[in-house]
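This briefing goes through one protein chain, topic by topic. Please look at the sequence and the structure below before reading the points.

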Amino acid sequence: MTTPSQTPLLDRITCPADLRLLPESELTQLAHELRMETISAVSVTGGHLGAGLGVVELTVALHYVFDTPHDRLIWDVGHQAYPHKILTGRRDRIRTLRRGGGLSGFTKRSESEYDPFGAAHSSTSISAGLGMAVANTLSGKHSHVIAVIGDGAMSAGMAYEAMNNAGAMHSRLIIILNDNEMSIAPPAGALSAYLARLVSGGAYRSVREVAKQLGRMLPKFIYDRARKTEEFARNFWAGGTMFEELGIYYVGPIDGHNLDHLLPVLKNVRDVETGPILVHVVTQKGKGYGPAEASTDKYHGVNMFDVVTGVQVKPKANAPSYTRVFADSLVAEAQKDDKIVAITAAMPSGTGLDIFQKTFPERTFDVGIAEQHAVTFAGGLATEGYKPFCAIYSTFLQRGYDQVVHDIAIQKLPVRFAIDRAGLVGADGATHAGSFDVSYLGILPGFVVMAAADEAELVHMVATAAAYDEGPIAFRYPRGEGVGVDMPAQGHVLDIGRGRILREGSKVAILSFGTRLAEALKAAEDLAAFGVSTTVADARFAKPLDNDLVRRLCASHEVVITIEEGSVGGFGSFVMQAVTEEGLLDGLFTRGLKLRSMVLPDVFLDHDKPEKLYAAAGLDAKGIVAKVLATLGRADDAKQSLIA
């Protein structure tokens, strides 16, 4: 790589238009500076580093060749978008990444005109890009649409659905396949680059189309043999038969870190008036930063770190993480039951199933970014007497919801759903928040829905799920550490649909579902200072609901408040439905019983620290105290409690 000059080119770039004023000879230096700036920024903020380092040259090349934002550039997932943000007028805020009020860790339409489509869940870029390309055609707009998608995201069915549609519609769409795992084909050096330039050019495409037309005039057996020979010869060097069969013209593979290879190919595909084209670019995740290159995960997601050594700042753990507790508990259950199997959708370490895999490699299945398949695959295992634990983040399980309904719930198959990242997740923001699973699972007939109040309860819920064979069962738990309770030696099976009371009072009852229980207990202590005697109960189950517990709390308290880490339509709504429709409170309203529910606000909450988000939502101890006092008609005390 060229040695950087003393003149910082990046300081001259406020937007891609400035970038396009540079001579090509200076782009390598700019890429070096951009890489260093990305490393420096993420060392302060934490976040997704490896993916961005792998596309630095590609990012420079795309903004140099294409007229963004007039041309639409879509980044799939968005993990790799930090260099893009730096080049598109956000460098001055790049050290606010993933912090409250700062830049999102993903592309976001409201943040910049250079982010034409919001991302965070994978495999959406081709579909969105095709929609934009068709809109261009309908409106007579002559601009380009470029969708950048990784080889991992390409494993999802949605990407193939989009490519199949794009190939049939012949819309003008450029797909950049960022292959950073060498999973499709390696680059073939200078020859590969030469062939890529050749086949991406208009002359080759024109001659090829003329030959096709002439060939169709030949007898069929001669034409078919000629076509197969041409495909074999071209794909022997360049690959891409699968994409060609979908109707997408394939170019590559090319070295994604060599601007001399990238620029001419991108110019060719820009200038050719044609249907969909796929450019296969091979990159190295973590490129240019030694610690990332040497790491097994290529520094995919990192905490703050020392730039020189690469050593990450590890937060002090006071308790094991919920994810680790789940993994260890599942291993313990699987040691007793050889029918237990585990399934993840490309998140083995995120869900803790990498731990399970070390002990039971033959009983662990990573199906890739394919949540729909994961759910139905689990259903198939269940039909044959196995006990599948399908571990998927709450926000990702949404992608397999039709399969949850149709393939699991209707057939009453005993699939166990381990729902990680339930509730607010902090730095990843609205796209990753687990806000809706209680609502969307609780409405399904025959589903059992549990929420762990702490890490000890999670151990019991794993044991309960392992023992339950009557139908689908789900248990949810948050990201991060537990609350530091004493851990049981082993899990015991809970009574389905039965909650528990942890603190007895007489005036107010707080019925918690999930890990807000610790805040409810703190609130009860604080309410005592206001002379309010408070019962605190842990529902454990949203479905089936413990009607006896609800009836008891309502019959013996003036105020009953439900609290949960989820949206409206969840646990609180199920309680209200039972109260009104099942006659649990017949005669009780006449004495002035007050029922309230505390849920996440009806908005998509941006990224921030979880504790700040819960406080803003009123779901911390202070918020609970204020809610109770306001419900009791003590407005002044409620205001005072928030100030204290």
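This is a predicted model: local features need pLDDT of at least 70, side-chain atom pairs count only at pLDDT 80 or more; totals for chains, interfaces and linings use all residues.

Two rings of Phe, Tyr or Trp count as a pair if their centres lie within 6.5 Å. By this rule the chain has 15 aromatic pairs.

**Aromatic rings**

- A pair of aromatic rings is described by the distance of the centres and the angle of the planes.
- Tyr 393 and Phe 396 form a stacked pair, with 5.3 Å from centre to centre and 10 degrees between the planes.
- The pair is called stacked because planes under 30 degrees apart fall in that class.
- Tyr 393 has a relative accessibility of 7%, so it counts as buried, the limit being under 20%.
- Phe 396 is buried too, at 11% relative accessibility.
- Ring pairs also link Phe 326, Phe 389, Phe 475 and Tyr 477 into a cluster.

**The chain as a whole**

- The chain contains 27 helices and 17 strands.
- Of its 644 residues, 56% are buried.
- Among contacts with a separation of 6 or more, 77% are between residues 24 or more positions apart.
- The accessible surface of the chain is about 26500 Å², and carbon and sulfur atoms account for 55% of this area.

**A parallel sheet**

- Strands of a sheet pair through backbone hydrogen bonds, either parallel or antiparallel.
- Here 5 strands form an open sheet with parallel pairing, in the order S1-S2-S3-S5-S4.
- Strand S1 (72-75) and strand S4 (249-255) are the edge strands, and each of them pairs on one side only.
- From one strand to the next, the twist averages 20 degrees.
- Strand S3 (residues 174-179) and strand S5 (residues 277-282) run parallel and are joined by 6 bridges.
- In this pairing, Asp 179 of S3 stands opposite Val 282 in S5.
- Helix H12 (residues 259-271) packs on the sheet and touches S3, S4 and S5, with its direction at about 165 degrees to that of S4.
- Helix H6 (residues 125-139) lies across S1, strand S2 (145-150) and S3, and runs at about 170 degrees to S2.

**Lys 285**

- Where is Lys 285 placed? Lys 285 is in the loop between S5 and helix H13 (290-294).
- Is Lys 285 buried or exposed? Its relative accessible area is 15%, so Lys 285 is buried.
- The side chains of Lys 285 and His 300 are joined by a polar contact of 3.1 Å.
- Leaving out residues up to four places away in sequence, Lys 285 touches several residues, including Gly 50, Ala 51, Gly 54, Asn 180 and Glu 181.

**Asp 420**

- Asp 420 belongs to strand S9 (residues 416-420).
- Asp 420 has a relative accessible area of 0%, so it is buried.
- Which residues does Asp 420 touch, not counting those up to four places away in sequence? They are Thr 323, Gly 350, Thr 351, Ile 392, Tyr 393, Ser 394, Tyr 477, Pro 478 and Arg 479.
- Asp 420 and Tyr 477 are 57 residues apart along the chain, while their C-alpha atoms are separated by 5.4 Å.
- A polar contact of 3.2 Å joins the side chains of Asp 420 and Arg 421.

Key. Residues are numbered from 1 along each chain as its sequence is written. Side-chain values use heavy atoms; hydrogens and water are left out. Helices (H or I, at least four residues) and strands (E, at least two) are DSSP runs, numbered from the N terminus. Buried means under 20% relative accessible area, exposed over 50%, partly exposed in between (1.4 Å probe, protein chains only). Contact means heavy atoms within 4.5 Å. A polar contact is a pair of N or O atoms within 3.5 Å; within protein, one must be able to donate a hydrogen and the other to accept it, and residues adjacent in sequence count only if both atoms are side-chain atoms. Accessible areas come from the Shrake-Rupley method with a 1.4 Å probe; for residues, only the protein chains shown count as cover. Two strands pair if DSSP finds at least two bridges between them. Axes are lines fitted to C-alpha atoms, for helices over the stretch in contact, and angles run from 0 to 180 degrees between N-to-C directions. Rings of Phe, Tyr and Trp (its six-membered ring) pair if their centres lie within 6.5 Å; planes under 30 degrees apart count as stacked, over 60 as edge-to-face and the rest as tilted.
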